[in-house]
Amino acid sequence: MKFFIALILIALLSFAACLYLPWWSIAVVAFLVTVFIPVKPAAAFFAGFTAVFILWLGLSAWISSANEHVLAHKVSMLILKMDNVGLLIFATALIGALVAGFAALTGSFVRKAQ
């Protein structure tokens with residue numbers, strides 16, 4: 001049950017934080033949630049990873065589809081060297097998920113060390 005509470009809190013607070021703060025605020029949110037909600041380290045990592053992966057996957061797909069993926073096509077050519085919007089959206093979600101997952105894991109370890 002604590003896993004799902006942490007997952008939902010990380011997703012909601014990350015969404016709210018990214019409206020006003022830089023993108024890396026997801027790490028601060030995931031860290032703080034797992035410091036205050038006691039979950040095991042593996043569960044903390046997967047809560048942070050899953051929450052931000054789903055959040056960023058949905059948000060980046062929604063934002064990109066708002067302009068018919070015009071910018072995503074150009075950025076995927078620059079970064080991936082191929083025209084693949086889906087892979088770019090997946091890579092975006094994966095990077096955010098790894099940042100949040102490791103921040104949540106660190107928060108779980110900090111809580112355990114106290």
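The model is predicted, with local features needing pLDDT of at least 70 and side-chain atom pairs counting only at pLDDT 80 or more, while totals for chains, interfaces and linings use all residues. Residues are numbered from 1 along each chain as its sequence is written, and side-chain values use heavy atoms, leaving out hydrogens and water.

The secondary structure consists of five helices and zero strands, in the order α-α-α-α-α along the sequence. Helices (H or I, at least four residues) and strands (E, at least two) are DSSP runs, numbered from the N terminus. The C-alpha atoms fill a box of roughly 50 × 25 × 25 Å along the principal axes. Of the 114 residues, 37% count as buried, that is, under 20% relative accessible area with a 1.4 Å probe and protein chains only.

The largest nonpolar core has 25 residues. Such a core is a set of buried Ala, Val, Leu, Ile, Met, Phe, Trp, Tyr and Cys residues joined through side-chain atoms within 4.5 Å. Helices α1, α2, α3 and α5 each supply at least two residues of this core, and the largest share, nine residues, comes from α3. Val52 is among the residues with the most contacts inside the core; leaving aside neighbours within four places in sequence, Val52 touches Ile10, Ser14, Ile26, Leu57, Gly96, Ala97 and Ala100.

| Helix | Residues |
|---|---|
| α1 | 2-20 |
| α2 | 25-36 |
| α3 | 41-65 |
| α5 | 85-113 |

In α2, the buried residues include Ile26, Ala30 and Val33. What covers the buried residues of α2 includes α1, α3 and α5.

Ser64 lies in helix α3. Ser64 counts as buried because its relative accessibility is 9%. The side chain of Ser64 makes a polar contact with the side chain of His69 at 2.6 Å. Leaving aside neighbours within four places in sequence, Ser64 is in contact with His69, Ala72, Val85 and Ile89. A polar contact is a pair of N or O atoms within 3.5 Å; within protein, one must be able to donate a hydrogen and the other to accept it, and residues adjacent in sequence count only if both atoms are side-chain atoms.

How values were computed:
Buried means under 20% relative accessible area, exposed over 50%, partly exposed in between (1.4 Å probe, protein chains only). Contact means heavy atoms within 4.5 Å.
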